[in-house]
Amino acid sequence: MILQTTTLHRRYHARKCCEHDQAIESKEANMSVKKVAFIGLGVMGFPMAGHLAHAGLSVNVFNRTEAKAKRWESQYPGSAHATPKEAATDADVVFICVGNDDDVRSVMYGDEGILAGLKEGAIVVDHTTASAELANELAEACLEHGTGFLDAPVSGGQAGAENGALTVMVGGDAATFAIIEPVLKHYAKCVQHIGSVGSGQQAKMMNQICIAGVIQGLAEALQFGQKVGVDCEAVVAAISQGAAQSWQMDNRAKTMLSGEYDFGFAVDWMRKDLGIALNEARHRGVSLPLTALVDQFYADVQQLGGGRNDTSSLLRRFCDE
């Protein structure tokens, strides 16, 4: 599998250099993004597409659950469409934000998929947290179609999407990124070009690896404090001013101590993301022992019925012992 991915990656960049450098430079100089499509209106995509509409862009949307697309249409200036193809037709840029690799393929390919409606010279931006292998596959498919591609997973959760404060990690060529960067800033506080195709997804893997380790450390610390009988809120107030401070401590310690988990980024989705990272690590010969362990702890939370709980629910494992 790693050989196949690397081969696609090399094919993509070699053909880009040989066949499309001049076309890309011309597109960068002349392309003005006015009409976009947004495919996938979940808790992230719904507000992200809304920000684009409020920015004055012409926005077409598609969602597999038609009622949600109609609800978006009732709240924002824009049009809901029955298929990805219809939404993508005549769009300068098509954004995708769905669940996983297979979901992306289901909206990209086929007679009613994005590629069937995409005009030559358009750009596909995939915000889905997916595999680097898929990113290279999509880049190749877009190249064959005469369109650009960027893998651009996001971090910041539902609140970040709603507040226009996401972080976007982007893989793809620099010329295409230059066109898209101003558009991404309508819903992002940080837009970072990481490198070539697939590197955006690899950056998101690193992000999730870091989060998993930090939450597990926080859960263990709070469990320790509860067992020895100290005032955990007082301890957090103190240590959050020093080297132990983290976003998770600032935003989740209080709710963890209260046993509140009915919000935020679901354990089910975190396990999907960690699975992608662990699979990539296996292919690359990289050891991720802490990530693998925390992934199994999240499996325990799922067994406790917490699949839809926020990722901070790792503390549940100790409370239910």
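What is the handedness of the crossing of α10 and α12? The crossing is right-handed, the term for a near helix turned clockwise from the far one by less than a right angle, left-handed being the anticlockwise case.

## Basis of the model

This is a predicted model, in which local features need pLDDT of at least 70 and side-chain atom pairs count only at pLDDT 80 or more, while totals for chains, interfaces and linings use all residues. Residues are numbered from 1 along each chain as its sequence is written, and side-chain values use heavy atoms, with hydrogens and water left out.

## Packing of α10 with α12

Helices here are DSSP runs (H or I, at least four residues), numbered from the N terminus. Helix α10 spans residues 199-228 and helix α12 residues 247-257; their axes come within 11 Å and cross at roughly 45°. Axes are lines fitted to C-alpha atoms over the stretch in contact, with angles from 0 to 180 degrees between N-to-C directions. The two helices are therefore oblique to each other (under 35 degrees is roughly parallel, over 145 roughly antiparallel, 65 to 115 roughly perpendicular, and the rest oblique).

From α10, Ile211, Val214, Ile215, Leu218, Ala219, Leu222 and Gln226 meet Gln248, Met249, Ala253, Met256 and Leu257 of α12; contact means heavy atoms within 4.5 Å. These residues divide into 10 nonpolar, two polar and no charged. Ala, Val, Leu, Ile, Met, Phe, Trp, Tyr, Cys and Pro count as nonpolar, Asp, Glu, Lys and Arg as charged, and the others, Gly among them, as polar.

## Packing of α10 with α14

The axes of α10 and helix α14 (residues 289-303) come within 9 Å and cross at roughly 65°. That makes α10 roughly perpendicular to α14. This crossing is left-handed.

On the α10 side the contact involves Ile209, Ala212, Gly213, Ile215 and Gln216, and on the α14 side Leu290, Thr291, Val294, Phe297 and Tyr298. Seven of the contact residues are nonpolar, three are polar and none is charged.

## Nonpolar cores

A nonpolar core is a set of buried Ala, Val, Leu, Ile, Met, Phe, Trp, Tyr and Cys residues joined through side-chain atoms within 4.5 Å. Buried means under 20% relative accessible area, exposed over 50% and partly exposed in between (1.4 Å probe, protein chains only). The largest core has 37 residues, of which Phe38, Met48, Leu52, Trp72 and Phe95 touch the most other members. Apart from it lies another core, of 26 residues, including Ile39, Ala91, Val107 and Ala141.

## His145

His145 lies in helix α7 (residues 132-145) and is partly exposed, at 30% relative accessible area. Leaving out residues up to four places away in sequence, His145 touches Leu115 and Leu118.
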